[in-house]
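Thanks, everyone. I will keep this short: one structure, a few local features. Here it is on the screen.

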Amino acid sequence: MVFSTQKRFIAGVTCPKCALMDKMQAFSVEGVDYRECVSCGFLDEMRVFSAPRELNTRVTETVDVQVQPVKLMDPK
Ligand SMILES: [Zn+2]
């Protein structure tokens with residue numbers, strides 16, 4: 001989960017410091033997610049929710065192209 005660089009409130013999240021709900025904002029700085037409490041200023045790096053750097057979306061391309069040489073039959 002990578003947040004936008006713009007701070008956005010996280011609904012239903014309680015601040016671990018001041019225990020106020022819906023005061024937490026999440027934002028991302030250079031690929032690292034942070035959460036910040038607007039009430040007490042608590043700032044924490046969201047390591048737990050940090051997305052893996054490299055998503056395994058790349059499918060190994062096993063293109064089995066059988067090159068068949070075009071033989072032009074030369075009728076005599
Ligand atoms: Zn707080």
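Start with A19, which is exposed because 11 other C-beta atoms lie within 10 Å. On that scale a residue is buried with 20 or more other C-beta atoms within 10 Å of its own, exposed with 12 or fewer, and partly exposed in between, with C-beta atoms placed from the backbone. This is a predicted model, in which local features need pLDDT of at least 70, side-chain atom pairs count only at pLDDT 80 or more, and totals for chains, interfaces and linings use all residues. Residues are numbered from 1 along each chain as its sequence is written.

A19 sits in the loop between β1 and β2; helices (H or I, at least four residues) and strands (E, at least two) are DSSP runs numbered from the N terminus. Its phi is near 65 degrees, a positive value in a residue other than glycine. Most residues other than glycine have a negative phi. D22 lies in the loop between β1 and β2, and has a positive phi of about 60 degrees although it is not a glycine. D22 counts as partly exposed, because it has 14 C-beta neighbours inside 10 Å.

Now the strands. β1 (residues 8-9) and β2 (residues 24-29) run antiparallel and are joined by two bridges; strands pair if DSSP finds at least two bridges between them. R8 has A26 as its bridge partner in β2. β2 also runs antiparallel to β3 (residues 32-37), with six bridges, and F27 is bridged to Y34 in β3.

What is the turn like between β2 and β3? The two strands form a hairpin with two residues between them, and E30 in the turn has a positive phi of about 55 degrees.
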